[in-house]
Amino acid sequence: MRMYDIIVKKRDGGELTKAEIDFFVEGYTKGDIPDYQASALTMAIYFQGMTPEETATLTQAMVDSGETIDLSAIEGHKVDKHSTGGVGDKVTFIVGPLVASVGVPVAKMSGRGLGHTGGTLDKLESVKGLEIEMSKEKFIENVNTHKLAVAGQTGNLAPADKKLYALRDVTGTVDSLPLIAGSIMSKKLASGADSIVLDVKTGSGAFMKTLEDSEALAREMVNIGNNLGRTTVAVISDMNQPLGFEVGNANEIKEAARILQGENVEDLRRLSLELASHMTVLAEVFNSYEEASEALEANLENGKAFQSLRTLIESQGGDVSMIDDLDRLPKAAYEIEVNADQDGFVSAIDAESIGIAAMYLGAGRATKDDVINHGVGITLKKKIGDEVKAGEPLVVLLSDEKNPTASIDKVKESYTITNEKVEKPTLIHNIIK
């Protein structure tokens, strides 16, 4: 088999066989196939696309290129959740305890963030003493005992994906649906869950800016999961403005804890219940979405879901008093209001710009070596559809700087205020199974 023939076949619109895809992935991962040939193939895929069978085969080959996590020692049906990323997305801290509260095991492998705020692990480390590095044995024991654990990704998962992504990043082939879907799903499948619920974001703060593109990506990922024997559901959710009112690290943990204590931040609560309901139905704990939603909502009200969060914190060495008294979480030195310049209605918020403003404060990383400041962030006071008067705060910056000019300018740039009232955006656009 020659790499040249595989490139030409895909360039001319042919469908690659399993043997050809396996040959490419194995050879490229080992270093036997040079970058210039791999980039020629990814460019051919960019223009010609791949069939669902090719995409599933490519994903499985990337899974097989490294270690896989064996969760068979965990009792019950393991369901994982993956978000394609957004601003103010603290859903894991609500959905994990919610799903665990009805007895479904949640074995969550998460990463650190590079961008506007920290990743799941960085946010959790706002709680003093909380350990996210643990042995596989301890991780499995925690899930079996408490139904919930969140840990850093261990092992060499999908090394072919890491190598291919770095190549795509510098050759203009990142925006290929089969390659994006395969990249995301290879890591999820290697993580060992039985079923997967995907939260695919759409809008200004999402990787996919249009609903059409978001739905296309969701379909690719659902096809991969189902083709490879993992029941997969995708929820298309809106990211034309930050989710909830908090963007940062400690303040996002605080907002998640308040939802679990029964507070109603409408978009955040609704999306969390949506995702958790699909997860518990996939785990076959409930027969229908409606039955699941009712039971989960009851656990938000009766304190069981909040108790699951407390147990997670305590079982991983965290100071649970910081969850019982949220004012003990890290805080910034200053609270700085950014006010509206005119009367009107908020008609748009560039979610990505809000995220960048938070990063300027120190809530995220511009490079891998940057240190997260857990106490800083942004609290939104106005969202799309809200009326605002000149001089009223749009956001409050939680800052350790007295005059964070770059963040102030970025926030002002992100808000659009008009004379006409607009409708609040649709939160959940579609469910793809």
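Predicted model: local features only at pLDDT ≥ 70, side-chain atom pairs only at ≥ 80, totals over all residues.
**Chatting through the fold**

Biologist: Thanks! What box do the C-alpha atoms fill?
Modeller: Taken along the principal axes, the box is roughly 70 × 50 × 40 Å.

Biologist: And how much of the protein is buried?
Modeller: Buried residues account for 57% of the 433.

Biologist: OK, sheets next. What is the strand order in the open sheet of four strands?
Modeller: The order is E1-E4-E5-E13, and the pairing is mixed. Strand E1 (79-83) and strand E13 (428-432) are the edge strands, each pairing on one side only. From one strand to the next, the twist averages 15 degrees.

Biologist: In what sense do E5 and E13 pair?
Modeller: Antiparallel, over four bridges, with E5 covering residues 231-238. If you want a spot to look at, Ile236 stands opposite Asn430 in E13.

Biologist: Nice. Which strands does helix H12 lie across?
Modeller: Helix H12 (residues 266-282) lies across E1, E4, E5 and E13. Its direction is at about 155 degrees to E4, which is residues 195-202.

Biologist: Switching topic: why is helix H5 described as largely enclosed?
Modeller: Because nine of its nine residues are buried, H5 (residues 92-100) is largely enclosed by the rest of the structure. Among those buried residues are Phe93, Ile94, Leu98 and Val99, and Gly96 and Pro97 are on the list too.

Biologist: What about strand E11, how many of its residues are buried?
Modeller: Six of the seven residues of E11 (residues 393-399) are buried, so this strand is also largely enclosed by the rest of the structure.

Biologist: And which way does strand E7 run against E11?
Modeller: Strand E7 (residues 334-339) pairs with E11 in the antiparallel sense, over six bridges. Asn339 has Pro393 as its bridge partner in E11.

Biologist: Last one: how many bridges join strand E9 to E11?
Modeller: Four, and E9 (residues 377-380) runs antiparallel to E11.

Note on methods:
Residues numbered from 1 in each chain as written. Heavy atoms only, no water. Pairing = 2+ DSSP bridges. Helix = DSSP H or I, 4+ residues; strand = E, 2+ residues; numbered from the N terminus. Axes fitted to C-alpha atoms, helices over the stretch in contact; angles between N-to-C directions. Contact = heavy atoms within 4.5 Å. Buried < 20%, exposed > 50% of the residue type's maximum accessible area, 1.4 Å probe, protein only.
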